[in-house]
Amino acid sequence: MRIDLDAWGWAADTIGELDHRRLKAPSVKLRGVHAGAGGDVVCTIDLRWRLPNADACLSTVEAHSLEHFLLEGFGRLLPGHFIGVGVMGCRTGFYLTLLNEGRREVIEQTLETVLYGVLGATAVPYARIEQCGHWRHHDLAAAQAVAREVLAQRAAWREIA
Ligand SMILES: [Zn+2]
């Protein structure tokens, strides 16, 4: 697989670790690209939804319910590419990991679809006791409010720093 970050839609100076005082949110940022010896490529992406160090982090229940939606949505919409998603410990966003898919447009379109799905959902996915380690710790309405907020700023997702 040929890696052409420019063709994938990423500006070289936004990749990797940036000074968190410069970061904007909500944004979608390529963190890193890791090529294996066999030619497969693992891409790590930051979905930053709240400004760092601005007393603006997600609540634990918002982060938890949205993590479930991202897990279900990216797995369903990008089968064969989705590896995983996790909450950033600072609760300003999520880490997304994909196999052989690093195109910004595809990732943003998929995220947009997932977030519209949150707005239309009647339940948080994987929230039964046999599926989740803290199954009572979910709030659909709170997750929908965050999804609405992130979608309202869709045009700004490319403004990383
Ligand atoms: Zn859970």
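Which residues touch the most other members of the largest nonpolar core? I45, L47, W49, L70, L96 and L111, out of 35 residues in that core. A word on terms. A nonpolar core is a set of buried Ala, Val, Leu, Ile, Met, Phe, Trp, Tyr and Cys residues joined through side-chain atoms within 4.5 Å. Buried means under 20% relative accessible area, exposed over 50%, partly exposed in between, with a 1.4 Å probe and protein chains only.

Before going on, note that this is a predicted model: local features need pLDDT of at least 70, side-chain atom pairs count only at pLDDT 80 or more, and totals for chains, interfaces and linings use all residues. Residues are numbered from 1 along each chain as its sequence is written, and side-chain values use heavy atoms, with hydrogens and water left out.

Strands 1 (27-35), 2 (41-48), 3 (82-87) and 4 (93-99) each give two or more residues to it, and so do helices 2, 3 and 4. Helices (H or I, at least four residues) and strands (E, at least two) are DSSP runs, numbered from the N terminus. Take L111. Its contacts, meaning heavy atoms within 4.5 Å, include V28, L70 and W157, leaving aside residues up to four places away in sequence.

Next, the metal. What coordinates the zinc ion? H64 (NE2), H68 (NE2) and C132 (SG), at 2.1 to 2.3 Å. Donors are N, O and S atoms within 2.8 Å of the metal (3.2 Å for Na, K and Ca); water is not among the atoms, so sites may look incomplete. The spacing along the chain is H-x3-H-x63-C. H68 lies in helix 2 (residues 60-77), and C132 in the loop between helix 3 (104-120) and helix 4 (140-152), so the pair ties together parts 64 residues apart in sequence. Both H68 and C132 are buried.

Now R50. Where is it? In the loop between strand 2 and helix 2. Buried or exposed? R50 counts as buried, because its relative accessibility is 15%. Its side chain makes a polar contact with the side chain of E149 at 2.8 Å. It also reaches the backbone oxygen of A56 at 2.9 Å. A polar contact is a pair of N or O atoms within 3.5 Å; within protein, one must be able to donate a hydrogen and the other to accept it, and residues adjacent in sequence count only if both atoms are side-chain atoms.

Last, helix 4. Its buried residues include A142, V146 and L151. Helix 2 and helix 3 are among what covers them.
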